[in-house]
Amino acid sequence: MSMNDPIARGLASGWNVVDASKLTENQTVEADVVVIGTGAGGGTTAEILSKQGFSVILVEEGGLYYQKDFKMDEQTAYATLYQEGMSRTTADGAISILQGRCVGGSTTVNWTSSFRTPEQTLNYWRETFGLEGLAPDVMAPWFDGREERHTMAPWLTPPNQNNSILRDGCEALGYSWQTIPRNVNGCWNSGYCGVGCPTNAKQGALMTTIPGALDNQAQMFHGLRAERLVMKQDRIDHLQATAMGPDGVTPSGVTVTLKANHFVVAASAIGSPGLLLRSDLPDPHNRVGKRSFIHPVSATVARMPAKVEPFYGAPQSIYSDEFNFKNGHDGPIGYKLEVPPLHPGMAAGVVPGHGQLQRDNLGQLPWLQSVIALLRDGFHPESPGGTVSLRDDGSPVLDYPITDYLWDGIRQSYLDMAEIQFAAGAEAVQAIHMDSAWYTSWKEAKAAINELPMRPHRARIFTAHQMGGCGMGSNPEESVVNGFGEHHHVANLSVHDASIFPTSIGANPQLSVYALAARNSVRLAQKLAAKS
Amino acid sequence: MPDQPTLSAETTPQLSRRSFLKTGVGGALFLGTVSMTAGLSGCSTAPAGRISAVESRMNASYQFQFLSTDDIALFEALLPALFAGALPEAPNKRQFEIAATIERIDQGIVQFGAPNQKELRKLFDLLNFAPTRIALARVWSDWPSVTTKEADAFLNRWRTSRLGLLNNGYIALSKIANVAFYGHQNQWHLTGYPGPPAWMVDALPQFKNA
């Protein structure tokens, strides 16, 4: 392997990285701070704390995969880099959950879209959850800092055809559209962000904060599942962790005990509430796991007269916020419009179907274009989110009932997306819904979509953004952590990931997680320094 | 991607009238009972391990870690319907693609982790245990005797059923099989996907030997 890869080079230089599947004996390790999770939140926290001179241990359940493993192959990537081998769904199976499970977390497999938390969202949090410290002007420097750290900037290369169609359709109808900022450096514009960046261009945690932490003597265990935080009196004493075996998913039986002065949970909006519930931590108002949000995602697919090749080129470069905040918080739900890349495995998997019809549809892949709507859940009383709970074996599962309010939004999003695709010249449009046919005109689509049954398992709904479950707020009766991610009831515990969001973001959440984790980690470092 | 639906036309009427079978807790409890009964009454639920060249219809080097011999027979019956028009016509090639897809299905399920494996075990047991196969799938004979036409009719019944649990079963079966089939290099040509750009493969170190 080329030594140009920062991970290969770091490992060769003696980084303190342990593949827990290779451990044969139980052990106990100590540090100032244990950080659980290596994604957007965990990586940021580990880098900031280790640069301040604190000893840090990073814990990651997934494996360490890097350039040598990123071969632009869907099947390998889905099996190794995603939660539950890409089979994760909500409790009733009605919503597919795309989420990373590897060093770097979802930042290793996301499509690089990098948005600041919208001002409307921050203002809503201030008004509704007493989060005065998160006003847009207060947060601005933290967004600046993270945009620099992760090399985020609007994508200057012309969009691929897949994204151009969203732009053209919006233009034709007089809808607003804009260019997406991406966290890339020297991007080859290939289209393989979702299966692990093959060229190291993506500036996710794997290429930035994880090497930054390890260069500063942080230790990392991967293939190690955080099982339980164990309290002694009113503080967390240690984390009990279980090593995965060689297959990466079956525990080997070896355990690792991690002791620290402070613990930061950054295991994602499903993993973090799961860990807190398993640990039976104080939760007097029964808030852990509640108000879990997902940006429910609906999709339509268009057949275009000319080749789109939706598998090549930067996956996301154009978005439209035309419908995102136009109804305010009290009206029908808003949504952000974006475009997904379409590779054959993903297309065949997210659009269930079979036989000749499926084969004929997939055979048109080079001419297919898709638009997705990310519904901004959590802002309206009829959008209370879902609940993370534990299965019998202690693993976390998200139950997410789709309310009539959300169904109305999903139907409206099908209509808006279809209209845009026809305006951009589509020959035919189909809703990603089990009962949708191909519609060959906007008029036909409009009439048919208005009649589609809005029910689980009929409309295909997805999520790539899990948020909430350990929500922040000033009132401990309504939240799990305060505005700095500090647990209301356990002094040496912080939560630094998307689980602290009190609503969804209304935009792809990675920059929101980076910025809050950075702000809260700087505060944590000051507090820890003052104590020592 | 579905064609025009015939909602509920094919749904077992006596089942629609009963309310015990729902998604969620009721459905899970029901499937759990089926799974236990299936195990007790002799359905093969143990991983098939390494099966002989004759049984596997190809080389015998693959070690099954999740699918049982009954599950393999189930997929051998379903795959020709799931991939109608997409499988090669030549018998040898056709058998090879079916067997290879079933192996990739097995590999994929290993990565799903224990909780999802448990749910799949219940689904496969339901389909392999004669009483539930007949009652819920309305498939009268054992899977090895089921024709492609019958398998297709079963898939359509579950796809268009009014019961969310059966829709979910259809989605699980087709999703697992579709990713294992269309996601693999051997089938890329069917979708018009040319694969990773050659100029990148040529330029990147991870594709170079040693």
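1. Contacts of B:Asp70. Leaving aside residues up to four places away in sequence, B:Asp70 touches B:Cys43, B:Ser44 and B:Asn128. The model under discussion is a predicted one, and the remarks below should be read accordingly.

2. Setting of B:Asp70. This residue belongs to helix H4 of chain B, which covers residues 69-82. Its relative accessibility is 25%, so B:Asp70 counts as partly exposed; the class in question lies between the buried limit of 20% and the exposed limit of 50%. B:Phe129 stands 59 residues away from B:Asp70 along the chain, while the C-alpha atoms of the two are separated by 9.6 Å.

3. Fold and dimensions of chain A. Chain A contains 13 helices and 22 strands. Its radius of gyration is 22 Å, close to the 24 Å that the globule rule gives for 532 residues, and chain A is therefore as compact as a globular protein of that length. The C-alpha trace of chain A spans about 70 × 50 × 45 Å along its principal axes.

4. Burial and contact range in chain A. Of its 532 residues, 65% count as buried. When contacts between residues at least 6 apart in sequence are considered, 75% of them join residues at least 24 apart.

How values were computed: Residues numbered from 1 in each chain as written. Chains lettered and ligands numbered in written order. Predicted model: local features only at pLDDT ≥ 70, side-chain atom pairs only at ≥ 80, totals over all residues. Heavy atoms only, no water. Helix = DSSP H or I, 4+ residues; strand = E, 2+ residues; numbered from the N terminus. Rg over C-alpha atoms; globule rule 2.2 N^0.38 Å. Buried < 20%, exposed > 50% of the residue type's maximum accessible area, 1.4 Å probe, protein only. Contact = heavy atoms within 4.5 Å.
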